[in-house]
Amino acid sequence: MSANRMINTEKRRNCICTLILIALVLGICGYLEANKYSYSYAISIIERSMVYAVVAVSMNLVNGFTGLFSLGQAGFMALGAYVTAIFTIPVNQRASVYYISGIHPAIANAQLPVIVALILGGLVAAGVAALIGFPVLRLKSDYLAIATLGFAEIIRACIAAPQFDTITNGSYGLKSIPGFTNIFQPLALSAICIGLMVLLINSSYGRMFKAVREDEIAAEAMGINLFKTKELSFVISSFFAGVSGGMLAMFMRSIDSKTFQVALTYDILLIVVIGGIGSVTGSVIGAFIVTAGREILRFFDEPLFIGSFEVPLFRPGFRMVIFSILLMIVVLFYRKGLMGTNEFSWNGIFAFFKNPGKKKSKKMEGKA
Amino acid sequence: MSLTTFLQQCLTGISLGGAYALIAIGYTMVYGILRLINFAHGDIFMMAGYFMIFAMASLPWFIALPVVLIVTTVLGVGIERVAYKPLRSAPRMSVMISAIGVSYLLQNLATYLFTALPMGYPEIPVLKKVFKLGGLSASFVTFLTPVLTIILVYLLMTLIQHTKMGMAMRAVSKDYETASLMGIDINRTISMTFAIGSLLAAVGSILYFTDRMTVFPFSGSLPGMKCFVAAVFGGIGSIPGAVVGGFLIGIGETALVAAGHSTFSDAFTFVILIVILLVRPTGLFGEKTTNKV
């Protein structure tokens with residue numbers, strides 16, 4: 001009886017904490033939104049973090065939960081971004097966007113609401129992923145990595161190819177993409193996307209993914225269809241990568257094929273590794289830390305003077321060197337990242353406060 | 001297309017392929033021993049380009065060449081010591097992420113030290129001398145590359161087949177644990193593999209950049225990936241395979257550029273990769289492996 005009651009009080013406590021956290025996040029966002037002119041820098045960092053959080057969780061779904069080392073994220077983001085951009089650029093501005101080679105008549109007047117365009121972008125990315133998945137998912141770990149990386153490059157080459165100039169505007173890129181109207185829009189979008197992925201991971205499908213990750217042969221022996229499971233995980237992950245690509249396009253307002261180079265995939269991989277491969281909350285926290293950290297470390301790029309003495313190392317590019325050294329330290333010495341495969345939980349935090357000494361990361365969780 | 005143009009293109013392709021082959025050997029040897037795609041290999045190749053620029057700035061070319069080869073070899077072995085050795089017993093994904101991390105670090109370091117703008121590659125007068133052969137005209141380096149590649153590969157094959165170190169390498173790549181039980185110093189063998197791979201990458205870099213004339217921090221990443229594809233094409237772990245793959249990819253790419261599809265010449269490599277993985281996953285000369293439970 002008493003044990004039961006304890007669990008109940010714990011549940012109630014956790015519920016209250018979650019509500020407080022949500023209220024806090026909404027309050028902070030509301031405050032930022034109300035004073036958006038003085039906090040525009042902070043808002044842009046938070047919005048970018050939210051976009052990266054979605055794609056990081058989607059990468060984690062494939063890499064962390066299904067154990068497929070896929071590096072194609074940037075390609076799927078590119079598809080989502082271009083589809084979203086093509087269908088949301090206001091019709092009357094299209095002539096000025098496609099001023100070089102004109103616009104293909106089929107898309108000249110096609111305009112969709114933002115949400116529909118985002119979903120369409122995700123669906124296109126998922127469709128391409130389904131096609132790519134047939135050959136690629138039969139490959140083993142490192143071959144899969146290089147093949148997906150290759151496909152991302154092929155997608156990028158096609159986008160930049162002069163043959164598609166009237167659709168993608170080739171190497172000139174697309175601009176005048178309508179941005180987020182307020183900070184709640186990316187907040188809601190990323191919360192919905194991540195929420196859906198969490199539901200998937202906790203469902204029986206999620207357990208199938210984990211079974212495949214742990215041991216393919218054992219999973220197959222248990223009656224799991226390996227190929228179908230991998231394909232499902234790959235396609236769903238690509239869908240969300242596409243959606244987040246669309247969100248990135250909305251955040252950046254202008255995109256071109258160079259935005260989606262391999263470096264973008266590496267950035268996202270960095271987020272996933274720092275957060276912990278196999279932890280959703282880890283990826284979300286990682287997205288915020290990496291994006292904010294990159295801005296905070298910006299002073300490394302400025303010349304630094306102590307008195308009249310100029311410290312020699314500080315000049316443009318130093319920030320990224322520091323950043324990559326940090327990444328190497330995480331990879332070599334803290335292989336599990338911030339969260340390992342654990343998820344954020346109130347019980348964990350309260351246990352930490354009752355019994356300090358055991359390291360545990362906290363906060364920031366509900367923001368996405 | 002006239003016969004002369006055709007032959008000229010063939011020559012360019014073979015020359016490019018020779019440089020690719022030298023880099024691909026580095027991939028195939030490391031993969032054969034560590035089962036790791038050394039993502040940083042392309043960036044080692046890029047760094048060798050920068051070393052050459054700085055060495056040539058103050059030294060005559062016949063001293064600069066060996067200096068560049070030695071420094072690049074030290075870099076390759078150093079990377080293995082720092083980034084891969086601590087992860088010997090870690091899951092493969094961790095090692096691969098570490099390799100990506102090193103590649104990221106080298107690119108950022110190069111951007112920081114040498115700026116992102118392309119830097120002019122120094123000309124070695126001997127290599128740049130223009131030769132005429134019938135209607136063909138090309139610099140000496142274009143003729144030299146394939147010949148040098150074949151010679152180096154022959155030497156490497158002799159090393160692997162007939163020396164103690166080569167035998168140790170073969171043993172380690174066959175079975176890591178048994179080899180160490182037989183008294184083979186695993187770490188030394190692996191370091192040696194990285195040394196040879198980086199040395200060949202440095203040679204390849206000199207041949208490649210003499211033709212291209214500029215180096216920038218990302219000039220290693222795409223050739224790196226292409227050479228990995230070349231290694232897969234030939235059958236990973238097989239040195240003759242890597243050479244054949246390198247030549248084929250070099251020629252194929254040049255043919256596509258000559259036909260006017262230069263936008264797709266990079267994509268072509270990956271199409272080859274996917275086709276070969278589907279049709280013959282072990283590559284041309286690769287050994288079959290069986291899945292053990």
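The model scores ipTM 0.80 and pTM 0.85. This is a predicted model, in which local features need pLDDT of at least 70 and side-chain atom pairs count only at pLDDT 80 or more, while totals for chains, interfaces and linings use all residues. Residues are numbered from 1 along each chain as its sequence is written, with chains lettered from A and ligands numbered from 1 in the order in which they are written.

I turn to the contact between the chains. It takes 34 residues from chain A and 30 residues from chain B, two residues being in contact if their C-beta atoms, placed from the backbone, lie within 7 Å. On the side of chain A that touches chain B, the largest share, 12 residues, comes from helix 7 of chain A. Helices here are DSSP runs of H or I, at least four residues long, numbered from the N terminus.

Which helix of chain B does helix 7 of chain A cross at roughly 145°? The partner is helix 12 (residues 265-279) of chain B, and the axes of the two come within 9 Å. Axes are lines fitted to C-alpha atoms, for helices over the stretch in contact, and angles run from 0 to 180 degrees between N-to-C directions.

Next, helix 9 (residues 186-212) of chain B. With 27 residues at 1.5 Å a residue, this helix should span 39 Å, and its end C-alpha atoms are 38 Å apart, which agrees; the expected span is 1.5 Å times one less than the number of residues. Of those 27 residues, 20 are buried, so helix 9 of chain B is largely enclosed by the rest of the structure. A residue is buried if 20 or more other C-beta atoms lie within 10 Å of its own, exposed if 12 or fewer, and partly exposed in between, with C-beta atoms placed from the backbone. After helix 9 of chain B comes B:Met213, with a positive phi near 75°.

Most residues other than glycine have a negative phi. A:Ser176, however, has a positive phi near 60°, and B:Arg35 a positive phi near 55°. A:Ser176 lies between helix 8 (165-168) and helix 9 (184-202) of chain A, and B:Arg35 between helix 1 and helix 2 (41-58) of chain B. A:Ser176 is partly exposed, with 16 other C-beta atoms within 10 Å.
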